Amino acid sequence: MRIDIITIFPDMLKNTLDESIMRRAIGLGLVEVNIIDLRDYSLSKHKKVDDTPYGGGAGMLLQFPPLYEALQAIKQANTKVLITSPRGKTFNQQMAESLSQLEHIVILAGHYEGFDERIYHFVDEEVSVGDFVLTGGEIPALLITDAVVRLLDDVIKKESHENDSFSNGLLEHPHYTKPATYQGFDVPEVLKNGNHKEIDQWRHYEALKQTYMKRPDLLKDYPLTKQDLKWLEQIKKELGETK
Ligand SMILES: C[S@@+](CC[C@H](N)C(=O)[O-])C[C@H]1O[C@@H](n2cnc3c(N)ncnc32)[C@H](O)[C@@H]1O
């Protein structure tokens with residue numbers, strides 16, 4: 001897979017891409033991530049890429065010509081072009097999963113007041129990372145790239161992400177590591193007895209409980225089994241909601 005990020009602040013992205021899993025994935029050639037400086041596509045001799053909005057108003061906008069020229073230079077038949085914007089569809093795990101199946105993504109990182117609207121003729125999807133406004137699209141571009149890259153084959157073990165929150169419709173169960181006891185706080189017995197069936201059941205029960213407590217909206221779309229429904233009743237009792 002190849003991800004191209006178009007930005008006017010390339011340095012904001014470089015360090016993050018050069019750390020941890022992202023660095024490893026790029027180093028192993030499991031993904032190619034290119035940071036493209038929009039100024040390289042400026043039509044002006046001073047590399048200007050922004051200007052004031054028609055009609056007046058505060059702030060600057062990224063101009064249409066450099067955005068257009070950059071896309072023309074890198075877009076291929078199989079490219080999906082994403083634009084970062086608070087107006088877009090809110091990014092989630094399902095979007096990360098479907099993007100991870102693609103061969104080539106381009107992410108446009110905006111700045112100032114955003115983009116000259118004409119670039120939207122060349123965009124496939126407008127993506128928001130939440131109902132708030134950031135200074136620029138660099139952090140959203142990194143966030144999307146990170147969420148997608150960790151799902152690619154061989155980047156991390158499949159078992160490591162297939163039970164992650166949102167991957168199977170529930171939030172993830174709690175985890176514990178050594179020591180087994182510290183300052184009177186103990187690891188649940190079931191996790192130490194080596195009985196994998198019991199451990200899996202405990203984890204599923206706890207995932208249901210976390211989801212019920214923190215994101216009950218997710219349970220509406222989750223295919224609850226008869227056993228899940230019984231467990232949910234037990235969870236409500238445990239939480240003192242029913243007798
Ligand atoms: C200051 S914002 C512009 C906000 C724009 N004037 C508006 O009200 O929708 C500058 C850039 O940051 C990025 N950005 C800010 N908040 C974002 C969010 N929640 N999701 C995705 N991108 C965002 C976009 O690329 C945007 O063009």
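The buried residues of helix α3 pack against β1 (2-7), β2, β4 (61-62), β5 (79-90) and β6. Contact here means heavy atoms within 4.5 Å. Helix α3 covers residues 64-74, and its buried residues are Phe 64, Pro 66, Leu 67, Ala 70, Leu 71 and Ile 74. Buried means under 20% relative accessible area, exposed means over 50%, and partly exposed lies in between (1.4 Å probe, protein chains only). An α-helix has 3.6 residues a turn, so residues three or four places apart point the same way.

This is a predicted model, in which local features need pLDDT of at least 70, side-chain atom pairs count only at pLDDT 80 or more, and totals for chains, interfaces and linings use all residues. Residues are numbered from 1 along each chain as its sequence is written, and side-chain values use heavy atoms, with hydrogens and water left out.

**Overall form**

The chain has eight helices and nine strands. Helices (H or I, at least four residues) and strands (E, at least two) are DSSP runs, numbered from the N terminus. The radius of gyration is 23 Å, while a compact globule of 243 residues would have one near 18 Å. That radius is taken over C-alpha atoms, and the globule rule is 2.2 Å times the number of residues to the power 0.38. Along its principal axes, the C-alpha trace spans about 70 × 40 × 40 Å.

The domain assignment gives domain 1 (2-157) and domain 2 (181-238). Such bounds come from an automatic or database domain assignment. The C-alpha centres of domain 1 and domain 2 lie 38 Å apart.

Buried residues make up 40% of the 243 residues. Of the contacts with a separation of 6 or more, 74% join residues 24 or more positions apart. The accessible surface comes to about 14,600 Å², and carbon and sulfur atoms hold 51% of it. Areas come from the Shrake-Rupley method with a 1.4 Å probe; for residues, only the protein chains shown count as cover.

There are 29 positive and 38 negative side chains, and the centres of the two sets lie 4 Å apart. Lys and Arg count as positive, Asp and Glu as negative; His and the chain ends are not counted. Each charge is placed at NZ of Lys, CZ of Arg, CG of Asp or CD of Glu.

**Backbone features**

Most residues other than glycine have a negative phi, and most peptide bonds are trans. Lys 47 has a positive phi, near 65 degrees. Asp 154 also has a positive phi, near 70 degrees. Lys 47 sits in the loop between β2 (32-37) and β3 (50-51). Asp 154 sits in the loop between α5 (138-149) and α6.

A cis peptide bond joins Lys 178 and Pro 179, with omega about 5 degrees. Pro 179 lies in the loop between α6 (158-162) and β8 (181-182).

**Loop residues**

| Residue | Relative accessible area | Class |
|---|---|---|
| Lys 47 | 42% | partly exposed |
| Asp 154 | 61% | exposed |
| Glu 117 | 44% | partly exposed |
| Leu 30 | 23% | partly exposed |

Leu 30 is in the loop between α2 (20-27) and β2. Leaving out residues up to four places away in sequence, Leu 30 touches Met 1, Ala 25, Leu 152, Asp 153, Asp 154 and Val 155. Leu 30 and Asp 153 are 123 residues apart in sequence, yet 7.7 Å apart in space, C-alpha to C-alpha.

Glu 117 is in the loop between β6 (104-108) and β7 (125-128). Glu 117 and Gly 56 are 61 residues apart in sequence and 15 Å apart in space, C-alpha to C-alpha.
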